[in-house]
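The following note sets out numbered remarks for a colleague. Please read them alongside the sequence and the coordinates.

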Amino acid sequence: MRRQIMHRMMGVSAAWVVVALAVAACSVAVTPEVTVLSAKHSTLTKSESEAPPCLNEVYITPENPFPFGSRAAVFLMKSSVDAREVSEYLTDLTHKLLLQKQLFHIIEKNDEIFNDLKSQMKYARDKKYDIIIVGEIEKIIMGGELRQSMMAIKMRVINPRTEVTLLYLDHCRTAPPRRAISFTDFDGLNFPVKFYDVKAPLPKQLGALVVAEISNILVQFKE
């Protein structure tokens, strides 16, 4: 009788051991792998992935080519306070591109800040400018994994003496969302690691494309 009880207890113990091992095996099998979040695909929806409509329109064009002998000035692009650095960069780039393209005989850059266009034109007349190039950063959208980048700029070419707008356009560029990916370099036995993040273009990068395209439009009316 005692032997039968012992055999039953041993059988029960063995059964519990089997169950315990099975549970342990299951817990190992269902443990998720450690995943780098930046390597996951983004789930995009229409509202998150699309920026506002991008306008690329030329509203006014000059009746005659821009006189090459003009003394022109590129004024600091109007922008919000937090985009001042971007504005300065794009104004400087516009000035350099127009110099390279030799749109006018003299092209200066002016960093003065004005409250309105009227005072800007009066200043230009006092400085004896024949042509002024006035820009405004209308919209900047910082892109990422879930949203497009966007840069929209308005540009005018004005004769300050007659206060006539010779050329007036809106131009913008968008860039699609980009997944942030980390690249790892293994070099030698010590495995030094370097990380590079691939992200949506920065406002300066996208703005540089917009400014380059605007300068190509302006040069179409070169004398």
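1. Is Cys54 buried, partly exposed or exposed? Cys54 is partly exposed, because its relative accessible area is 31%; the classes are buried under 20%, exposed over 50% and partly exposed in between, with a 1.4 Å probe and protein chains only. Cys172, by contrast, is buried, at a relative accessible area of 3%.

2. Basis of the note. The model is predicted, so local features need pLDDT of at least 70 and side-chain atom pairs count only at pLDDT 80 or more, while totals for chains, interfaces and linings use all residues. Residues are numbered from 1 along each chain as its sequence is written, and side-chain values use heavy atoms, with hydrogens and water left out.

3. Disulfide. Cys54 and Cys172 are joined by a disulfide with an S to S distance of 1.4 Å, a disulfide being a pair of cysteine sulfur atoms within 2.5 Å. Because Cys54 lies in the loop between helix H2 (46–49) and E1 and Cys172 in strand E6, the pair ties together parts that are 118 residues apart in sequence. The count by this rule is one disulfide.

4. Overall architecture. The protein has five helices and eight strands, taken as DSSP runs numbered from the N terminus (helices H or I, at least four residues; strands E, at least two). Read from the N terminus, the order of elements is α-α-β-β-α-β-α-β-β-β-β-β-α. Of the 223 residues, 32% count as buried. Among contacts (heavy atoms within 4.5 Å) with a separation of 6 or more, 70% come from residues 24 or more positions apart. The protein exposes about 14,700 Å², of which carbon and sulfur atoms supply 57%; the areas come from the Shrake-Rupley method with a 1.4 Å probe, and for residues only the protein chains shown count as cover.

5. Nonpolar cores. A nonpolar core is a set of buried Ala, Val, Leu, Ile, Met, Phe, Trp, Tyr and Cys residues joined through side-chain atoms within 4.5 Å. The largest core has 31 residues, of which Phe66, Leu90, Phe104, Met151, Ile153 and Val157 touch the most other members. Two or more residues each come from strand E2 (71–75), helix H3 (84–101), strand E4 (131–141), strand E5 (149–159), E6 and helix H5 (203–218). H5 gives the most to this core, with seven residues. A second, separate core has nine residues, including Tyr123, Ala124, Tyr129 and Val134.

6. Helix H5. The 16 residues of H5 should span 22 Å at 1.5 Å a residue, and the end C-alpha atoms are 22 Å apart, which agrees; the expected span is 1.5 Å times one less than the number of residues. Among the buried residues of H5 are Leu206, Val210, Val211, Ile214 and Leu218. Their cover includes strand E1 (57–60), H3, E4, E5 and E6.

7. Strand pairing. Two strands pair if DSSP finds at least two bridges between them. E2 and E4 run parallel and are joined by three bridges; E4 and E5 run antiparallel and are joined by nine. Ile133 in E4 stands opposite Val74, and its bridge partner in E5 is Val157. Beyond its neighbours within four places in sequence, Val157 has contacts that include Phe66, Ile133, Leu167 and Leu218.

8. Pro177. This residue is found in the loop between strand E6 (164–175) and strand E7 (182–184). Pro177 counts as partly exposed because its relative accessibility is 22%. Pro177 and Gln148 are 29 residues apart in sequence, with a C-alpha to C-alpha distance of 4.8 Å.
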